[in-house]
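Open the model in your viewer and keep the selection tool at hand. We will go from stop to stop, picking residues and looking at what surrounds them.

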Amino acid sequence: MRKSLFAFFLLTALYSCNLWQSPLTEDEVTNVISHFDNGWEHKNMKEVDSVLSPSYIYFTRSGGTFSRDSVVATAGESSYSLKDVSRSDFVITIYNNTAIVSTRWKGKGMYRGIAFDEDQRCSIVVVKTGDKVEILSEHCTPIGAARVFH
């Protein structure tokens, strides 16, 4: 009986420490990014909110940062609209339960009365904690013809 109780408590302790957490998969990574993009495309703030880590941060191309709350609010703004949008060229590198994802994002639309036509390389960090897969950060840079260093 003692051995059974000891085994039960040991297994419970190991499980509660997430030592048996299932590894992050490429399918989970592409799925969470797909939900993020779908939320933006359909102005669904709840969907955007549901896939962002509480610590999410967006690094702007001008060197600034954009908070999680600002990203969620912008996704639902009436002054933001997407006419055409696509994400392609996924390159996923997984290390334990963290993924670094390179993608190409193209979008045309309007933001606060100004038209935009973007073609960007985006770096997205995706993390898995327990069974929850979330986007931790993103940084997008315009793809241009002139290359200075690389």
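The tour below starts with the nonpolar core, moves to one helix, and ends with charged residues.

**Before you start**

This is a predicted model, in which local features need pLDDT of at least 70 and side-chain atom pairs count only at pLDDT 80 or more, while totals for chains, interfaces and linings use all residues. Residues are numbered from 1 along each chain as its sequence is written, and side-chain values use heavy atoms, with hydrogens and water left out.

**Stop 1: the core**

Select Leu52, Val126 and Ile135, the residues with the most contacts inside the largest nonpolar core, which has 27 residues. Such a core is a set of buried Ala, Val, Leu, Ile, Met, Phe, Trp, Tyr and Cys residues joined through side-chain atoms within 4.5 Å. Buried means under 20% relative accessible area, exposed over 50%, and partly exposed in between (1.4 Å probe, protein chains only). Helix 2 gives the largest share of this core, five residues. In soluble globular proteins, nonpolar side chains tend to be buried together.

Now centre on isoleucine 135. Leaving aside neighbours within four places in sequence, its contacts (heavy atoms within 4.5 Å) include Val32, Ile33, Phe36, Leu52 and Val126.

**Stop 2: helix 4**

Helices (H or I, at least four residues) and strands (E, at least two) are DSSP runs, numbered from the N terminus. In helix 4, select the buried residues Arg68, Val71, Val72, Thr74 and Ala75. They lie on the same side of helix 4, because they cover an arc of only 165 degrees around the axis, taken from the directions from the helix axis to the C-beta atoms. The elements they pack against include helix 2, helix 3 and strand 1.

Stay with arginine 68, which counts as buried at 15% relative accessibility. Which side chain does the side chain of arginine 68 make a polar contact with? Select aspartate 49: the distance is 2.6 Å. A polar contact is a pair of N or O atoms within 3.5 Å; within protein, one must be able to donate a hydrogen and the other to accept it, and residues adjacent in sequence count only if both atoms are side-chain atoms. The backbone oxygen of serine 53 also lies 2.9 Å from a polar atom of the arginine 68 side chain.

**Stop 3: salt bridges**

The whole structure holds seven salt bridges, each a side-chain nitrogen of Lys or Arg within 4 Å of a carboxyl oxygen of Asp or Glu. Show arginine 87 and aspartate 37, whose closest N and O atoms are 2.7 Å apart. This pair links strand 3 (residues 80-95) with helix 2 (residues 26-41), 50 residues apart. Both arginine 87 and aspartate 37 are buried.

Next, select arginine 112 and glutamate 77, a salt bridge at 3.3 Å between the closest N and O atoms. Arginine 112 is exposed, with a relative accessible area of 55%.

**Stop 4: a charge without a salt bridge**

Go to glutamate 47 in helix 3 (residues 45-51). Glutamate 47 is buried yet has no salt bridge, and the nearest side chain of opposite charge, lysine 132, is 11 Å away. Here Lys and Arg count as positive and Asp and Glu as negative, with His and the chain ends not counted. What does the side chain of glutamate 47 make a polar contact with? Select histidine 35, whose side chain is the partner at 2.9 Å.
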